[in-house]
Structure formats: C-alpha cells, structure tokens
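Reader: I'd like to learn how to read a fold by its features. Can we take one model and go through it together?

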Amino acid sequence: MTKLIQTRRALLATAGAMAMTGLVKPAFAQVLAPTPTMRGGANNYRPGAPIVARIGGGGFLMTGTVRRAGDGMPLPGQRIQMWAHTTEGHERDPESHGATLTDEYGVFRMDMPQIVPAFGQPHGHLAYDSDAFETVFLRPIMSSASDTSLHVDFVLQPV
C-alpha cells in the first residue's frame, strides 16, 4: 500500500500549477452596495397593497431581482410592490397598485397595463417595504413610452 504524504510545499506547488493551467480560478469576494431610494419613488405609495397575480388587463411586464447587500445572495419570498400611471388608471388609484413575492432565485415579475407618461415621463414605481431589510422606493424612467417592459434590480440592506 502506498502512503501519500502531503507536505505544505507539495500542496502549494500543486495549487500553483493548477492555477496556472486554469483548472482553479481565484475566489473574489463580491461586495454589493445597497440600492439607494430614488427621489420621487414613494409618490402615491399605498402601504399594504395586496399581493396579486397581475394588475389590470396586463400587457406590460415589470421584472427584476432582489439580492442581499454585501454577498449578493438572491432573496426569495420578498414582497415587492408596483404601481404606475397606465392606460387603465392613474398611479393614485388603488387598482393601479399590486404586490408580488420573489421566487426561489430572488426574481419577481408582474404583468400590468401599459405604462404611459405622467408629467412627461413614462415611469414606474416599485418598493420593497417589509421588515427584514431597509425600505427602498424606486422610480425608474423608461427610455420610451412604447417600451413594453421594465427591469429593476434591488440590493437590500438588512435592518
């Protein structure tokens, strides 16, 4: 029976050779900064908007991800609220508001009516407003009023 003797020198030499051949890549810590709240993001916010399958008749897709600040881990089961001025109602209207939960990968999606310009800008409103992380309100502006989707990423800071 052959006895394998691992020395520190042999271990370092093996690791160095593997790294040089590309078999091992160095690990880098990913430090993700939290998403700051945007000015105007809380306009017409309605605390406790219901979790819904869709807002109105749909036709516009709001998507995004929710991750934890620092390590960037996806956050499943997080509540994201959305509202906007749409072809079916104003952002003040209760029926223009709805919330959804992130899936196991921290991804959310909501089908809602087409967003139309309010005050000259087509924009949506999104909020993370639960207790485990700091509240974040976003007001992303679309590049065009004819866009049929909007993607928004949240990076949340634990409370």
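This is a predicted model: local features need pLDDT of at least 70, side-chain atom pairs count only at pLDDT 80 or more; totals for chains, interfaces and linings use all residues.

Reader: Okay, and what does the side chain of arginine 54 meet in a salt bridge?

Author: The general idea first: side chains of opposite charge can pair when their charged atoms come close. Here arginine 54 meets aspartate 111, with 2.4 Å from N to O. The two come from distant parts of the chain, 57 residues apart: arginine 54 sits in the loop between helix H1 (8-21) and strand E1 (60-68), while aspartate 111 belongs to strand E4 (residues 107-112). Aspartate 111 has 23% relative accessibility, so it is partly exposed too.

Reader: How many salt bridges does the structure hold?

Author: There are 3. Another one joins aspartate 71 and arginine 68, at 2.5 Å from N to O. Aspartate 71 is partly exposed at 35% relative accessibility, and arginine 68 is partly exposed at 29%.

Reader: And the side chains of aspartate 129 and arginine 79: what is their N to O distance?

Author: That salt bridge comes in at 2.9 Å. Its partners are 50 residues apart, with aspartate 129 in the loop between E5 and E6 and arginine 79 in strand E2.

Reader: Are aspartate 129 and arginine 79 buried or exposed?

Author: Both are buried. The cut-off behind that word is a relative accessible area under 20%.

Reader: Let's zoom out for a moment. How many helices and strands are there in the protein chain?

Author: You'll find 1 helix and 7 strands. Reading from the N terminus, the order is α-β-β-β-β-β-β-β. Of the 159 residues in the chain, 38% are buried. As for contacts between residues at least 6 apart in sequence, 74% of them join residues at least 24 apart.

Reader: Why is E2 described as largely enclosed?

Author: Because 6 of its 6 residues are buried, E2 is largely enclosed by the rest of the structure. Both faces are covered: Arg79, Gln81 and Trp83 are buried on one side, and Ile80, Met82 and Ala84 are buried on the other.

Reader: Now the rings. How do I read an aromatic pair, and how many does the structure hold?

Author: A pair of aromatic rings is described by the distance of the centres and the angle of the planes. The structure holds 4 aromatic pairs. In one of them, tyrosine 45 and tryptophan 83 have ring centres 5.8 Å apart and planes at 45°, so the pair is tilted. Tyrosine 45 lies in the loop between H1 and E1, and tryptophan 83 lies in strand E2, 38 residues apart. Tyrosine 45 is partly exposed at 24% relative accessible area, whereas tryptophan 83 is buried at 0% relative accessibility.

Reader: What is the geometry of tyrosine 45 and phenylalanine 137?

Author: That pair is edge-to-face, 4.8 Å centre to centre with 75° between the planes. Phenylalanine 137 is in strand E6, 92 residues apart from tyrosine 45. Phenylalanine 137 has 14% relative accessibility, so it counts as buried. Put together, ring pairs link Tyr45, Trp83 and Phe137 into a cluster.

Definitions and conventions. Residues are numbered from 1 along each chain as its sequence is written. Side-chain values use heavy atoms; hydrogens and water are left out. A salt bridge is a side-chain nitrogen of Lys or Arg within 4 Å of a carboxyl oxygen of Asp or Glu. Helices (H or I, at least four residues) and strands (E, at least two) are DSSP runs, numbered from the N terminus. Buried means under 20% relative accessible area, exposed over 50%, partly exposed in between (1.4 Å probe, protein chains only). Contact means heavy atoms within 4.5 Å. Rings of Phe, Tyr and Trp (its six-membered ring) pair if their centres lie within 6.5 Å; planes under 30 degrees apart count as stacked, over 60 as edge-to-face and the rest as tilted.
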